[in-house]
Amino acid sequence: MSSGKAFLIDTTLCTACRGCQIACKQWNQLPATKTINWGSMQNPKDLSYDTYKLVRFQEHNGPENKPVWYFFSDQCRHCLEPSCKEAVDGEVSDGILIDHQTGAVLFTDKLEAMGPDDVLNVCPFDIPKAQEKTGFLAKCTMCVDRVHNGLLPACVKTCPTGAMNFGDLDKMVKMGNGRLAEAKTRFPGATLTGLEDLRVFYLLADVPKMYYTYAEADLPPARMDRKTALKIIGKSIREFTGNLDSFG
Amino acid sequence: MRHPDGTPNPETRYPFIMNPEGHARIFGPGRADGPFPEHYEAIECPVGGNPFSAQLTNPVAVTYDTQMDIYKTSDPRYPIVCTTFRVCEQWQTGVMTRWQPWLLETEPQLFVEMSKELAGMKGIKNGEKVMVESAHGKLEAVAVVTLRLSPFKICGHIIHQVGLPWHYGWVHPKDGGDSVNILTPSSGDPNTRIPETKAFMVNVKKA
């Protein structure tokens, strides 16, 4: 099992106070975007260059026709094998780095040398967003600056209910499985996502799609253009043949 | 008394902090409308009679008698029950929190929550601007059509309810909407004159 850090986001404890969303803006000194009420409490409507963290709201008719209101605190999943990094490597060196201490996936200034589309099109969670004018990309940094100094990420520090949790990956896996067993007594359909390949685990009371389209990885090809798909396939073939060579 | 996780909490106390024992009392001497609790309808309400007694509204509730103080009960022009509430992103009238850009970003405008049934009946779509009107005034708000509200069946009639937060009004932001105090009746409870802003009658239509 990979080391480093991970988040456990227990949506069954989330009250959608949006403390995480605002603490993120505060620590990263991101400006507020102009919003209107669009018939939902979810605002801003989506992640952006200026919004790394967003609580998404979904209403459904639940059991016995009683409404359920699902809250999904969306952010970068810091994939163990990030497809954004794969798309960038070879185009720009060190455009996207993985912090060896935490496993955080980090965008660097060097990424500005290339257009945003290659990255935007491969993320299975629709996380990175480009600045409209410049095309520069931004997303959640796992607050590596805080974590390297022994602090919790801003969103986790501010959470008043215990929905946002952060720590060593193995500890979060353990905590997640414990919480899942507990949650299943109240929500028989509860699931825990991301254990195998991500650094953000969501404990959900219902199937992921009931929370948000990209709550779980949507297979990249659905959103990927042909060029990017071919490049990734090409790269894995090169790696594969490279591995064969090393056996040779 | 326990912590949320079930462990004992010696620090806490029972919620009725004005009573030495911390509990609610059924017998409450010294109140203008005591000593026993009684159900009355709101000063503005959707029913003609109190199903529990012959007295419809609180006989010692504070009302005023200027031209503006009209109370509309069971009036076909104002058939919808209205309530007011807060959102956690704004505080009170919002006069401080609406100037905080990050808070305003999350709750930027006055809205009115209503059931799918009421919206369907009025031809109102989610996110659309609508007009909310009471006997006291009217204002525009964004319709939030939600499953969290559903029609009541009261004394054999289907009664709809809408709800608005009261954090907006005056100069900032420009498109934030008006104060819900424009809609609420001036009436007070008999002991403290807390105004009855949580239940009154309105109508809603497309703006």
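**Note on the two-chain predicted model**

1. Just after helix α1 of chain A, A:Gln29 has a positive phi of about 50°. Helices here are DSSP runs of H or I with at least four residues, strands are runs of E with at least two, and both are numbered from the N terminus.

2. On conventions: this is a predicted model, in which local features need pLDDT of at least 70 and side-chain atom pairs count only at pLDDT 80 or more, while totals for chains, interfaces and linings use all residues. Residues are numbered from 1 along each chain as its sequence is written, chains are lettered from A and ligands numbered from 1 in the order in which they are written, and side-chain values use heavy atoms, with hydrogens and water left out.

3. Helix α1 of chain A covers residues 19–28, and A:Cys20, A:Gln21, A:Ile22, A:Ala23, A:Cys24 and A:Lys25 in it are buried. Buried stands for under 20% relative accessible area, exposed for over 50%, and partly exposed for what lies in between (1.4 Å probe, protein chains only). The cover over these residues includes β2 (54–61), β3 (67–74) and α5 (154–158) of chain A, together with α1 of chain B.

4. The contact between the chains takes 28 residues from chain A and 22 residues from chain B, where contact means heavy atoms within 4.5 Å. About 1,900 Å² is buried between the two chains, and carbon and sulfur atoms give 57% of that. Buried area is the accessible area (1.4 Å probe) that two parts lose on being put together, summed over both. In chain B, B:Trp102, B:Glu105 and B:Leu147 lose the most area to chain A, together 39% of what that side buries.

5. B:Glu89 and A:Arg18 meet in a salt bridge at 2.8 Å, N to O.

6. On the side of chain B that touches chain A, α1 (101–106), β3 (111–115) and β5 (138–146) of chain B each supply at least two residues. The largest share, six residues, comes from α1(B). That side divides into eleven nonpolar, five polar and six charged residues. Ala, Val, Leu, Ile, Met, Phe, Trp, Tyr, Cys and Pro count as nonpolar, Asp, Glu, Lys and Arg as charged, and the others, Gly among them, as polar.

7. Strand β5(B) is mostly covered, with seven of its nine residues buried. Strands β3(B) and β5(B) run parallel and are joined by five bridges; B:Val112 stands opposite B:Ala143 in β5(B). Five bridges also join β4(B) to β5(B), which run antiparallel, with B:Val132 opposite B:Leu139 in β5(B). Four residues separate β4(B) and β5(B) in a hairpin. Two strands pair if DSSP finds at least two bridges between them.

8. The structure holds 22 salt bridges over all chains. In one of them, the closest N and O atoms of A:Asp46 and A:Arg56 are 2.7 Å apart. A:Asp46 sits in the loop between α1 and β2 of chain A and A:Arg56 in strand β2 of chain A, ten residues apart. A:Asp46 is partly exposed at 29% relative accessibility, whereas A:Arg56 is buried, at 6%.

9. In chain B, the side chains of B:Glu113 and B:Arg148 meet in a salt bridge at 2.9 Å, N to O. B:Glu113 is in strand β3 of chain B and B:Arg148 in the loop between β5 and β6 (152–154) of chain B, 35 residues apart. B:Glu113 counts as buried at 8% relative accessibility, and B:Arg148 as partly exposed at 28%.

10. B:Thr84 lies in strand β2 (residues 80–85) of chain B and counts as buried because its relative accessibility is 5%. The side chain of B:Thr84 reaches the backbone oxygen of B:Thr197 at 2.9 Å. Not counting residues up to four places away in sequence, the residues that B:Thr84 touches include B:Leu164, B:Trp166 and B:Phe200.

Conventions
Polar contact = N/O pair within 3.5 Å; in protein donor to acceptor, adjacent residues only side chain to side chain. Salt bridge = Lys/Arg side-chain N within 4 Å of Asp/Glu carboxyl O.
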